[in-house]
Amino acid sequence: DVIYVLRGKGLELTPELAGLTLAELEKQAISKALEKYGPTLAGKREAARALGISLSSLYDRIKKFGLRD
């Protein structure tokens, strides 16, 4: 089985997530990144960097997906 690692930061999307929509995968990736790096500003910066998006894009997606900020 293939394990996808996002940006070499150890954020794994496993094969059981393969049936999800792109939006659901994005939400899962953001959620995992926030769990890994924490809810602080520094943690969110690291999460955004790991995901390859800007910090403002991360905040937009947190709001879009109703994730805890």
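Hi everyone. Let me begin on the outside of helix α3: Asp60, Lys63 and Lys64 are exposed and sit on the face turned away from the buried side of α3. By exposed I mean over 50% relative accessible area, by buried under 20%, and by partly exposed anything in between, with a 1.4 Å probe and protein chains only. Helices here are DSSP runs of H or I with at least four residues, strands are runs of E with at least two, and both are numbered from the N terminus.

A quick word on what we are looking at. This is a predicted model, in which local features need pLDDT of at least 70 and side-chain atom pairs count only at pLDDT 80 or more, while totals for chains, interfaces and linings use all residues. Residues are numbered from 1 along each chain as its sequence is written, and side-chain values use heavy atoms, with hydrogens and water left out.

Now the overview. The protein has three helices and two strands, and along the sequence they follow the pattern β-β-α-α-α. Of the 69 residues in the protein, 26% are buried. The accessible surface, from the Shrake-Rupley method with a 1.4 Å probe and with only the protein chains shown counting as cover for residues, comes to about 4,700 Å², and 51% of that belongs to carbon and sulfur atoms.

Back to α3, which covers residues 55-65; which of its residues are buried? They are Leu58, Ile62 and Phe65. Seen down the axis of α3, these fall within an arc of 85°, so they line one face of the helix; the arc is taken over the directions from the helix axis to the C-beta atoms. As a reminder, an α-helix has 3.6 residues a turn, so residues three or four places apart point the same way. The buried residues of α3 pack against α1 and α2. After α3 comes Gly66, with a positive phi near 65°.

Where contact means heavy atoms within 4.5 Å, Leu41, Lys44, Arg45, Ala47, Ala48 and Leu51 in α2 meet Leu55, Leu58, Tyr59 and Ile62 in α3.

Leu41 lies in α2, residues 41-51, and is partly exposed at 40% relative accessible area. Beyond residues up to four places away in sequence, Leu41 touches Leu55 and Tyr59. Leu41 and Leu55 are 14 residues apart along the chain, with 9.3 Å between their C-alpha atoms.

Finally, α1. This helix, residues 22-37, has 16 residues and reaches 22 Å from first C-alpha to last, close to the 22 Å expected at 1.5 Å a residue, where the expected span is 1.5 Å times one less than the number of residues. Buried in α1 are Ala29, Ile30, Ala33 and Leu34. Down the axis of α1, its buried residues fall within an arc of 130°, so they too line one face of the helix. Just after α1, Gly38 has a positive phi of about 95°.

Lys27 also lies in α1. Lys27 and Phe65 are 38 residues apart in sequence, yet 6.5 Å apart from C-alpha to C-alpha. Thanks, everyone!
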